[in-house]
Amino acid sequence: MIFYILRRLLFLPVTLFGISLLLFLMIGLLGPYQRLATFINSPERLKGVDVDKLVELYGLNDPLIVQYGRWLKNVLQGNLGWSYVGKEPVLSAILKRFPYTLELALFAAIPIIFLGTSLGVLAALHHNKPLDHGLRIFAVVGWSFPDFVFGLFVLMLFYGTLGWFPPGNLSVWAEEIVKSPYFRSFTGMLTLDALLNGRFDVFLDALRHLAGPVLTLTYVEFAFLLRITRSSMLEVLRKEYVRTARAKGLDERVVIHKHAKRNALIPVATVSGQTIIGLLAGTVIVETIFNRTGLGSFIALAATQLDYASIMGGTLFFGLILVIGNLCVDLSYAFIDPRVRLE
Amino acid sequence: MKRFFAVLSLALFIFLWVPFAFSEVKNPDTYIYLAIGEADTLDPHYAYDTASGEVINFVYENLIAYKGESVTEFVPRLATEVPTVENGLVRDEGKTYVFPIRKGVKFHNGNELTPEDVEYSFERGILFDPYAGPMWMLIEALFGYETLEDFVQDKIGVAWSEMVDEEGNLKSEEYRQKLIDFYTTYIDPAIEVEGDTVVFRLTRPFAPFLSILAQNASWSAILDKETCVALGLWDGQADGWWKYHNWKKEKSPLYEKAIGTGPFKLLEWDRTQQKVTLVRNEEYWGEKPKLAKVIIWGVDEWSTRRSMLEAGDADQIYTPLQYLDQVKGLPGVVIREGSRLTITALHFNWSVAKDSKYLGSGKLDGEGIPPDFFSDVHVRKAFSYAFDYDTFIEQVLKGYGHRIPSVIPRGLLGFNENLPMYPFDLEKAKEEFQKAWNGEVWEKGFKLTLLYNTGNEARQTACEMLKEHIESLNPKFKIEVQGVQWPTYLDAYRQGQLPAFIIGWLADYPDPHNFIFTYYHSNGVYGTTQGEAFRKFAQENLDALIEKAIEETDPAKRQALYEEIQKIAYENALGIPLYQPEEVYAMRSWVKGWAFNPMRPGEANYDGIWKEE
């Protein structure tokens with residue numbers, strides 16, 4: 001087991017190196033003057049500028065491999081460079097935004113997994129009955145809703161009309177408290193920090209601001225989990241051991257919850273894991289619509305402004321999350337399914 | 001179970017409780033403005049965008065400020081008088097300006113303002129002169145050069161990069177004395193403390209000088225010397241000044257710190273939220289602002305901004321014209337208007353780079369255009385006749401725009417709406433096309449690409465309208481419309497590949513020179529993109545006039561000179577001046593005291609506003 005984990009972790013640098021090289025080459029396809037747009041962002045700035053001098057100052061004209069080497073050398077020294085989009089060092093820009101992304105992902109994961117699995121089981125148990133059809137239609141509608149449409153709908157209904165769930169991270173008064181010297185930041189996650197500081201009012205305010213994004217993410221994401229659970233459950237229900245259990249005269253609830261559901265949830269674990277990993281990589285649209293701090297919109301902005309230090313840094317970070325996340329999913333198999341041995 | 005429900009309903013009550021009170025002003029002491037994006041840097045000598053200027057504008061102060069909505073009249077700020085010829089503070093035929101410095105003014109950290117701070121602020125900026133920064137304005141005004149490096153090279157005779165390496169170290173000791181002498185001979189005497197005054201000495205009269213110094217121009221903000229030196233900025237010494245030249249943006253400690261004398265103090269710049277918070281400066285020497293706090297917050301999504309305005313959680317939001325209908329008529333929301341000094345024009349490249357991918361076949365054979373296609377005045381005139389100016393302003397800009405005879409926007413000296421303009425006249429356009437290239441254009445046809453900078457629907461529509469009308473003249477005329485991203489534009493700009501393109505310009509300072517030079521001078525930012533043939537034309541016909549107009553101090557004579565330049569531009573159809581847009585500002589009706597100034601970076605006068613139903 002330990003060896004398995006170590007072996008997987010050993011591959012991590014190789015994976016990251018590969019990703020970064022590939023990405024750098026892609027950015028390198030743009031000419032030096034195109035990449036200069038990061039530094040000169042409006043025509044007014046062209047006045048009195050020798051663009052060639054700027055290209056030289058930022059080393060944009062050097063051979064790609066030299067530029068990559070320079071970047072890699074800095075990274076190995078722990079310096080991911082300066083983020084022109086984040087307006088601070090890349091590493092700190094990422095680390096400041098990650099708690100917000102993590103918080104949203106965790107809050108969204110709960111209803112997604114809960115609704116996805118429980119409704120999935122329910123649909124399977126009512127196979128081809130109106131409830132099954134109804135749930136499936138409901139899920140497919142959510143699944144096919146573009147998140148920017150549903151997000152805007154949630155914003156307009158729950159904020160515009162009802163005034164319940166405002167956009168942003170916190171209200172003005174709550175932010176004043178959080179930014180005051182008496183409020184200690186332990187995790188960077190506002191809800192958790194508020195509880196640790198004993199500020200229940202701030203906690204509720206943070207929750208109110210989380211509700212809209214969580215609602216949006218839940219509806220657009222849970223459908224996939226529902227379908228996986230449903231089909232997996234249907235398959236299990238046809239298995240011999242379920243028939244045996246029923247033949248033994250076991251109570252139907254025991255059959256379903258103990259014998260069938262547990263086995264049906266094994267593939268669901270993978271999908272749930274991947275959903276959470278996906279949420280951790282940031283949710284550009286939801287972050288933008290609800291004006292929340294997060295990694296997704298940060299990297300998207302970096303990409304549009306060709307801020308290569310941020311793009312590279314962000315990608316390395318996602319790579320890290322992906323590899324570690326998948327490792328966790330694999331490890332969880334060993335616990336869920338005793339037949340799986342990680343050697 | 002009962003208790004559980006009681007707790008639950010209580011929680012729900014708190015959770016959902018929102019102060020639903022439209023009669024009541026939300027956050028009465030705090031002004032929340034929702035912008036797009038955020039400041040670039042708070043170093044006044046690096047900042048060159050309106051978002052940065054908006055913050056700097058209220059934290060720092062300048063020697064003088066614009067009077068109300070005017071861009072030609074000034075009031076004193078950190079100076080106690082505005083220099084004029086009449087009060088004897090402008091001398092030597094406009095080459096010397098004297099500013100008496102106000103006493104008893106304190107910086108936000110408690111230090112007292114002195115004339116030395118003023119001298120230091122300008123000298124630091126000029127020596128710093130970062131690439132792509134705004135300092136060229138002062139360098140041009142005071143010394144007649146575009147960059148400090150050009151200035152140094154011209155006086156010492158050695159290129160900057162030969163003398164100083166990238167870290168700011170001398171490449172050879174022999175240059176030390178030369179650079180010290182450069183400072184003591186040219187920079188130091190140009191801005192000097194004399195008693196309680198600071199004197200600026202220009203090498204030639206420069207008409208817009210006061211505009212470049214006025215409030216709203218962050219490059220002329222006054223810094224505290226003591227604080228700056230302590231933070232590691234230029235130490236004020238002649239020896240070693242070159243180490244402080246052209247730092248990268250992030251290296252300047254003033255990047256995120258701002259200690260000025262202004263009516264507001266910088267409380268925080270939260271870059272994860274694109275949010276700047278300013279608080280009232282309780283020790284301000286002038287009239288204190290009524291607002292206790294100002295929040296300038298980048299909310300990039302329009303629907304989010306609109307919802308927050310509607311709910312009253314925002315007091316004012318950035319509103320692009322295409323969304324105006326969505327906020328017009330919302331209860332509690334008012335729309336105010338203002339015309340900034342910005343124009344949009346279409347320009348032609350008289351000699352496109354031969355490797356340009358926008359030329360088609362590169363010949364006049366109906367499948368492309370030759371690189372010098374636009375060097376024929378008839379082609380340019382034909383294009384000028386083929387644009388439906390009035391319909392465009394009426395329909396596309398919804399009336400929020402003005403027609404302009406040349407690149408000078410209304411509100412500036414030199415503007416005259418009676419100057420000749422090309423009417424929309426397809427018959428005349430046809431005649432001109434028939435004359436172009438000895439009739440070859442009409443006979444063989446052409447195919448070309450019109451380019452605009454993306455992100456602007458109005459510009460795209462302008463291109464499409466032009467395409468429609470020109471193609472309707474002759475089936476052999478083919479025009480493609482293509483939006484280019486800013487990076488691509490920049491690249492093609494550098495390589496001289498753009499045959500015809502629409503792009504705008506926003507005034508750096510309110511003077512016609514800023515527009516005329518940019519578009520019509522052979523060294524202007526857009527002048528250089530119009531090809532070698534255009535530059536030759538400009539050198540022969542325009543450059544001398546433009547130079548003469550800037551040195552002239554009599555406004556009537558300047559007006560005449562600028563009209564002459566504009567007539568040359570008209571006769572030669574140098575470009576198509578499309579429009580000057582009018583801007584709209586959506587805000588809550590409880591915003592009182594909001595005023596507009598065309599030169600203000602940002603969208604509100606936070607020092608004058610208050611909230612009241």
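**Entry 1: chain A overall.** A reminder to myself before I start: this is a predicted model. I looked up the make-up of chain A and found 15 helices and two strands. I then checked the extent of its C-alpha trace, which spans about 85 × 55 × 40 Å along the principal axes. Chain A has 343 residues, and 40% of them count as buried. For contacts in chain A with a separation of 6 or more, I noted that 72% join residues 24 or more positions apart.

**Entry 2: a helix pair in chain A.** How do helix 14 and helix 15 of chain A cross? Helix 14 covers residues 295-304 and helix 15 covers residues 308-336; their axes come within 8 Å and cross at roughly 140°. The cut-off for roughly antiparallel is over 145 degrees, and helix 14 and helix 15 of chain A are therefore oblique to each other. I also noted that their crossing is left-handed. From helix 14 of chain A, the contact uses L295(A), F298(A), I299(A), A302(A) and A303(A). Helix 15 of chain A brings S310(A), I311(A) and G314(A). I sorted the residues of this contact by class and got six nonpolar, two polar and no charged.

**Entry 3: the core.** Next I went to the largest nonpolar core, which has 270 residues. L34(B), L138(B) and I516(B) have the most contacts inside it. Which helix gives this core its largest share? I found helix 5 (residues 90-125) of chain A, with 17 residues. I then picked L34(B) and listed what it touches, leaving out residues up to four places away in sequence: W297(B), V299(B), R305(B), M308(B), A314(B), I317(B) and Y318(B).

**Entry 4: a covered helix in chain B.** The buried ones are V379(B), R380(B), K381(B), A382(B), F383(B), S384(B) and Y385(B). What covers them? I found that the cover includes strand 13 (342-348), helix 14 (426-435), helix 15 (440-444) and strand 18 (575-581) of chain B.

**Entry 5: where the chains meet.** I finished at the contact, which takes 48 residues from chain A and 40 residues from chain B. On the chain B side, helix 1 (2-16), helix 10 (302-311), helix 17 (486-495) and strand 17 (500-506) each supply at least two residues. I divided the residues of that side into 19 nonpolar, nine polar and twelve charged.

Methods. Residues are numbered from 1 along each chain as its sequence is written. Chains are lettered from A and ligands numbered from 1 in the order in which they are written. This is a predicted model: local features need pLDDT of at least 70, side-chain atom pairs count only at pLDDT 80 or more; totals for chains, interfaces and linings use all residues. Two residues are in contact if their C-beta atoms, placed from the backbone, lie within 7 Å. Helices (H or I, at least four residues) and strands (E, at least two) are DSSP runs, numbered from the N terminus. Ala, Val, Leu, Ile, Met, Phe, Trp, Tyr, Cys and Pro count as nonpolar, Asp, Glu, Lys and Arg as charged, and the others, Gly among them, as polar. Axes are lines fitted to C-alpha atoms, for helices over the stretch in contact, and angles run from 0 to 180 degrees between N-to-C directions. Angles under 35 degrees count as roughly parallel, over 145 as roughly antiparallel, 65 to 115 as roughly perpendicular and the rest as oblique. A crossing is left-handed if the near helix is turned anticlockwise from the far one by less than a right angle, and right-handed if clockwise. A nonpolar core is a set of buried Ala, Val, Leu, Ile, Met, Phe, Trp, Tyr and Cys residues joined through C-beta atoms within 7 Å. A residue is buried if 20 or more other C-beta atoms lie within 10 Å of its own, exposed if 12 or fewer, and partly exposed in between; C-beta atoms are placed from the backbone.
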